[in-house]
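Have a look at the model first.

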Amino acid sequence: MRPQIVLFGDSITQQSFRSGGWGASLADTYSRKADVLVRGYGGYNTRWALFLLNHIFPLDSTKPPIATTIFFGANDAALPGRTGERQHVPVEEYKENLRKIVLHLKKCSPSMLIVLISPPPVDEEGRKEYAKSLYGEKAMTLPERTNEVAGVYAKKCVELAKDMGVRSVDLWSKMQETVDWQKKILSDGLHLTPEGNAVVWEEVVKVFNEAWLSAEAMPYDFPHHSEIDGKNPEKAFQQQCL
(Lines give C-alpha, C1' and ligand atoms only; values in the text may rest on other atoms or scores of the structure.)
Protein backbone atom coordinates (compact mmCIF):
# COMPACT_ATOMS: atom_id res chain seq x y z
CA MET A 1 0.00 0.00 0.00
CA ARG A 2 1.22 3.45 -0.87
CA PRO A 3 1.65 5.96 1.96
CA GLN A 4 -0.91 8.76 2.11
CA ILE A 5 -0.55 12.53 2.09
CA VAL A 6 -3.69 14.36 3.27
CA LEU A 7 -4.54 17.93 2.30
CA PHE A 8 -6.84 19.34 5.01
CA GLY A 9 -8.33 22.77 4.57
CA ASP A 10 -11.06 25.02 3.22
CA SER A 11 -12.16 25.82 -0.36
CA ILE A 12 -8.61 26.55 -1.53
CA THR A 13 -7.83 22.94 -0.67
CA GLN A 14 -11.18 21.64 -1.96
CA GLN A 15 -10.48 23.23 -5.34
CA SER A 16 -6.87 22.02 -5.47
CA PHE A 17 -7.62 19.13 -7.83
CA ARG A 18 -9.09 21.39 -10.50
CA SER A 19 -7.11 21.92 -13.70
CA GLY A 20 -3.85 23.57 -12.69
CA GLY A 21 -4.56 23.01 -9.00
CA TRP A 22 -1.82 22.63 -6.43
CA GLY A 23 -3.20 19.34 -5.13
CA ALA A 24 -3.28 17.84 -8.62
CA SER A 25 0.31 18.94 -9.15
CA LEU A 26 1.30 17.38 -5.84
CA ALA A 27 -0.39 14.11 -6.82
CA ASP A 28 1.59 14.16 -10.06
CA THR A 29 4.83 14.82 -8.17
CA TYR A 30 4.22 11.79 -5.94
CA SER A 31 2.73 9.60 -8.66
CA ARG A 32 3.20 5.90 -7.83
CA LYS A 33 4.92 6.86 -4.60
CA ALA A 34 2.18 8.27 -2.35
CA ASP A 35 -1.57 8.81 -2.63
CA VAL A 36 -2.59 12.45 -2.20
CA LEU A 37 -6.03 12.72 -0.57
CA VAL A 38 -8.02 15.96 -0.64
CA ARG A 39 -10.04 16.79 2.45
CA GLY A 40 -11.05 20.35 1.66
CA TYR A 41 -14.27 21.92 2.92
CA GLY A 42 -15.37 25.11 1.23
CA GLY A 43 -16.36 27.89 3.64
CA TYR A 44 -15.01 26.12 6.74
CA ASN A 45 -13.04 27.82 9.48
CA THR A 46 -10.85 26.20 12.14
CA ARG A 47 -13.72 26.13 14.65
CA TRP A 48 -15.77 23.89 12.35
CA ALA A 49 -12.72 21.89 11.27
CA LEU A 50 -12.32 20.58 14.82
CA PHE A 51 -15.54 18.58 14.41
CA LEU A 52 -13.97 16.66 11.51
CA LEU A 53 -10.75 15.53 13.17
CA ASN A 54 -11.89 12.20 14.57
CA HIS A 55 -13.60 11.32 11.29
CA ILE A 56 -10.70 12.18 8.97
CA PHE A 57 -7.87 11.28 11.33
CA PRO A 58 -9.12 8.53 13.67
CA LEU A 59 -6.78 7.93 16.57
CA ASP A 60 -7.08 4.15 16.19
CA SER A 61 -5.98 4.14 12.55
CA THR A 62 -3.41 1.49 11.75
CA LYS A 63 -2.16 3.46 8.77
CA PRO A 64 -2.14 7.21 9.48
CA PRO A 65 -0.92 9.62 6.80
CA ILE A 66 2.80 10.17 6.47
CA ALA A 67 2.15 13.88 5.91
CA THR A 68 -0.71 16.36 6.32
CA THR A 69 -1.06 19.96 5.21
CA ILE A 70 -3.34 22.20 7.32
CA PHE A 71 -4.58 25.14 5.28
CA PHE A 72 -7.15 27.27 7.13
CA GLY A 73 -7.50 30.94 7.94
CA ALA A 74 -9.06 32.62 4.92
CA ASN A 75 -12.53 32.19 6.45
CA ASP A 76 -11.48 32.70 10.07
CA ALA A 77 -10.24 36.13 8.98
CA ALA A 78 -13.63 37.22 7.60
CA LEU A 79 -14.57 40.49 9.30
CA PRO A 80 -17.35 40.84 11.91
CA GLY A 81 -20.25 43.00 10.81
CA ARG A 82 -19.89 42.16 7.14
CA THR A 83 -21.22 39.43 4.85
CA GLY A 84 -18.76 36.78 6.06
CA GLU A 85 -19.39 37.37 9.77
CA ARG A 86 -20.72 33.82 10.30
CA GLN A 87 -17.30 32.44 9.40
CA HIS A 88 -15.28 34.81 11.60
CA VAL A 89 -13.09 33.31 14.31
CA PRO A 90 -11.08 35.64 16.60
CA VAL A 91 -7.39 35.40 15.87
CA GLU A 92 -6.36 33.98 19.26
CA GLU A 93 -9.03 31.28 18.98
CA TYR A 94 -7.80 30.60 15.44
CA LYS A 95 -4.30 30.00 16.79
CA GLU A 96 -5.64 27.76 19.57
CA ASN A 97 -7.73 25.78 17.09
CA LEU A 98 -4.66 25.18 14.95
CA ARG A 99 -2.87 23.99 18.09
CA LYS A 100 -5.66 21.48 18.75
CA ILE A 101 -5.46 20.20 15.18
CA VAL A 102 -1.69 19.75 15.38
CA LEU A 103 -1.93 17.98 18.75
CA HIS A 104 -4.54 15.59 17.36
CA LEU A 105 -2.35 14.75 14.35
CA LYS A 106 0.65 14.16 16.61
CA LYS A 107 -1.45 11.72 18.61
CA CYS A 108 -2.36 9.93 15.38
CA SER A 109 1.29 9.60 14.46
CA PRO A 110 4.31 11.14 16.22
CA SER A 111 6.31 10.75 12.99
CA MET A 112 3.78 12.46 10.71
CA LEU A 113 5.10 15.42 8.73
CA ILE A 114 2.76 18.31 9.56
CA VAL A 115 2.79 21.50 7.47
CA LEU A 116 0.75 24.58 8.37
CA ILE A 117 -0.10 26.84 5.43
CA SER A 118 -1.04 30.43 6.20
CA PRO A 119 -4.02 32.11 4.54
CA PRO A 120 -3.17 33.84 1.26
CA PRO A 121 -3.26 37.60 0.76
CA VAL A 122 -6.56 39.30 -0.08
CA ASP A 123 -7.21 41.69 -2.94
CA GLU A 124 -9.96 43.88 -1.51
CA GLU A 125 -10.88 45.46 -4.85
CA GLY A 126 -11.09 41.98 -6.35
CA ARG A 127 -13.44 40.89 -3.60
CA LYS A 128 -15.69 43.89 -4.19
CA GLU A 129 -15.75 43.22 -7.93
CA TYR A 130 -16.62 39.59 -7.27
CA ALA A 131 -19.46 40.59 -4.91
CA LYS A 132 -20.86 42.92 -7.56
CA SER A 133 -20.81 40.12 -10.11
CA LEU A 134 -22.96 38.03 -7.76
CA TYR A 135 -25.27 40.57 -6.15
CA GLY A 136 -25.17 43.62 -8.39
CA GLU A 137 -26.25 46.82 -6.67
CA LYS A 138 -27.12 44.86 -3.52
CA ALA A 139 -23.46 44.01 -2.92
CA MET A 140 -21.88 45.59 0.15
CA THR A 141 -19.50 48.43 -0.62
CA LEU A 142 -16.99 47.22 1.99
CA PRO A 143 -15.07 43.97 1.37
CA GLU A 144 -15.77 41.12 3.79
CA ARG A 145 -12.03 40.50 4.15
CA THR A 146 -8.95 42.74 4.12
CA ASN A 147 -5.35 41.97 3.34
CA GLU A 148 -4.17 43.57 6.58
CA VAL A 149 -6.31 41.27 8.72
CA ALA A 150 -5.36 38.22 6.64
CA GLY A 151 -1.73 39.10 7.42
CA VAL A 152 -2.45 39.05 11.18
CA TYR A 153 -3.85 35.53 10.88
CA ALA A 154 -0.95 34.44 8.69
CA LYS A 155 1.51 35.65 11.32
CA LYS A 156 -0.28 33.66 14.03
CA CYS A 157 -0.21 30.55 11.84
CA VAL A 158 3.55 30.79 11.33
CA GLU A 159 4.10 31.56 15.04
CA LEU A 160 2.10 28.50 16.07
CA ALA A 161 4.09 26.26 13.73
CA LYS A 162 7.34 27.49 15.27
CA ASP A 163 5.98 27.05 18.80
CA MET A 164 4.98 23.45 18.10
CA GLY A 165 8.00 22.42 16.09
CA VAL A 166 6.19 21.78 12.82
CA ARG A 167 6.81 23.12 9.33
CA SER A 168 4.98 26.07 7.80
CA VAL A 169 4.46 28.00 4.57
CA ASP A 170 3.95 31.76 4.91
CA LEU A 171 1.78 32.03 1.82
CA TRP A 172 0.59 35.54 2.68
CA SER A 173 4.13 36.90 2.42
CA LYS A 174 5.32 34.66 -0.42
CA MET A 175 2.51 35.51 -2.80
CA GLN A 176 2.99 39.24 -2.39
CA GLU A 177 6.51 38.89 -3.78
CA THR A 178 4.91 38.48 -7.24
CA VAL A 179 4.51 41.71 -9.21
CA ASP A 180 0.81 42.51 -9.73
CA TRP A 181 -0.09 39.59 -7.45
CA GLN A 182 -3.68 40.80 -7.12
CA LYS A 183 -4.46 39.74 -10.69
CA LYS A 184 -1.81 37.11 -11.35
CA ILE A 185 -2.23 35.09 -8.15
CA LEU A 186 -5.90 35.55 -7.24
CA SER A 187 -8.97 34.87 -9.39
CA ASP A 188 -11.61 36.64 -7.28
CA GLY A 189 -9.56 38.45 -4.69
CA LEU A 190 -9.23 35.32 -2.54
CA HIS A 191 -9.12 32.04 -4.49
CA LEU A 192 -6.20 31.08 -6.68
CA THR A 193 -5.39 31.29 -10.35
CA PRO A 194 -3.25 28.54 -11.92
CA GLU A 195 -0.23 30.75 -11.19
CA GLY A 196 -1.31 31.07 -7.57
CA ASN A 197 -1.76 27.31 -7.33
CA ALA A 198 1.75 26.88 -8.71
CA VAL A 199 3.13 28.98 -5.84
CA VAL A 200 1.41 26.73 -3.27
CA TRP A 201 2.68 23.58 -4.99
CA GLU A 202 6.25 24.90 -5.17
CA GLU A 203 6.27 25.92 -1.51
CA VAL A 204 4.76 22.64 -0.27
CA VAL A 205 7.19 20.55 -2.31
CA LYS A 206 10.06 22.68 -1.01
CA VAL A 207 9.01 22.05 2.60
CA PHE A 208 8.52 18.32 1.95
CA ASN A 209 11.97 18.08 0.37
CA GLU A 210 13.59 19.99 3.24
CA ALA A 211 11.99 17.58 5.69
CA TRP A 212 12.31 13.95 4.69
CA LEU A 213 9.61 13.44 2.08
CA SER A 214 11.37 14.00 -1.23
CA ALA A 215 9.44 12.28 -4.01
CA GLU A 216 12.68 11.67 -5.87
CA ALA A 217 14.03 9.59 -2.98
CA MET A 218 10.88 7.48 -2.57
CA PRO A 219 10.55 4.08 -4.25
CA TYR A 220 7.87 3.19 -6.79
CA ASP A 221 5.12 1.00 -5.39
CA PHE A 222 5.88 -1.74 -7.97
CA PRO A 223 8.78 -2.30 -10.40
CA HIS A 224 9.44 0.29 -13.07
CA HIS A 225 8.61 -1.13 -16.48
CA SER A 226 12.28 -1.00 -17.46
CA GLU A 227 13.03 -3.55 -14.71
CA ILE A 228 10.59 -6.12 -16.07
CA ASP A 229 11.97 -8.90 -18.26
CA GLY A 230 9.53 -9.48 -21.11
CA LYS A 231 10.30 -13.22 -21.11
CA ASN A 232 10.38 -13.64 -17.34
CA PRO A 233 8.19 -10.87 -15.84
CA GLU A 234 7.46 -12.65 -12.58
CA LYS A 235 11.09 -12.28 -11.47
CA ALA A 236 10.80 -8.50 -11.00
CA PHE A 237 7.59 -8.83 -8.99
CA GLN A 238 8.95 -11.64 -6.82
CA GLN A 239 11.95 -9.51 -5.86
CA GLN A 240 9.82 -6.47 -4.95
CA CYS A 241 7.18 -8.43 -3.06
CA LEU A 242 9.55 -10.45 -0.88
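Buried here means under 20% relative accessible area, while exposed is over 50% and partly exposed is in between (1.4 Å probe, protein chains only). This is a predicted model, so local features need pLDDT of at least 70, side-chain atom pairs count only at pLDDT 80 or more, and totals for chains, interfaces and linings use all residues. Residues are numbered from 1 along each chain as its sequence is written, and side-chain values use heavy atoms, with hydrogens and water left out.

**Helix 10**
- Helices (H or I, at least four residues) and strands (E, at least two) are DSSP runs, numbered from the N terminus.
- Helix 10 covers residues 194-210.
- Its buried residues include Gly 196, Val 200, Glu 203 and Phe 208.

**Cores**
- A nonpolar core is a set of buried Ala, Val, Leu, Ile, Met, Phe, Trp, Tyr and Cys residues joined through side-chain atoms within 4.5 Å.
- In the largest one, with 31 residues, Ile 5, Leu 26, Tyr 30, Phe 208 and Leu 213 touch the most other members.
- Helix 10 gives the most to this core: six residues.
- Another core lies apart from it, with 27 residues, including Cys 108 and Tyr 153.

**Cysteines**
- You'll find zero disulfides (pairs of cysteine sulfur atoms within 2.5 Å).

Methods. The expected span of a helix is 1.5 Å times one less than its number of residues.
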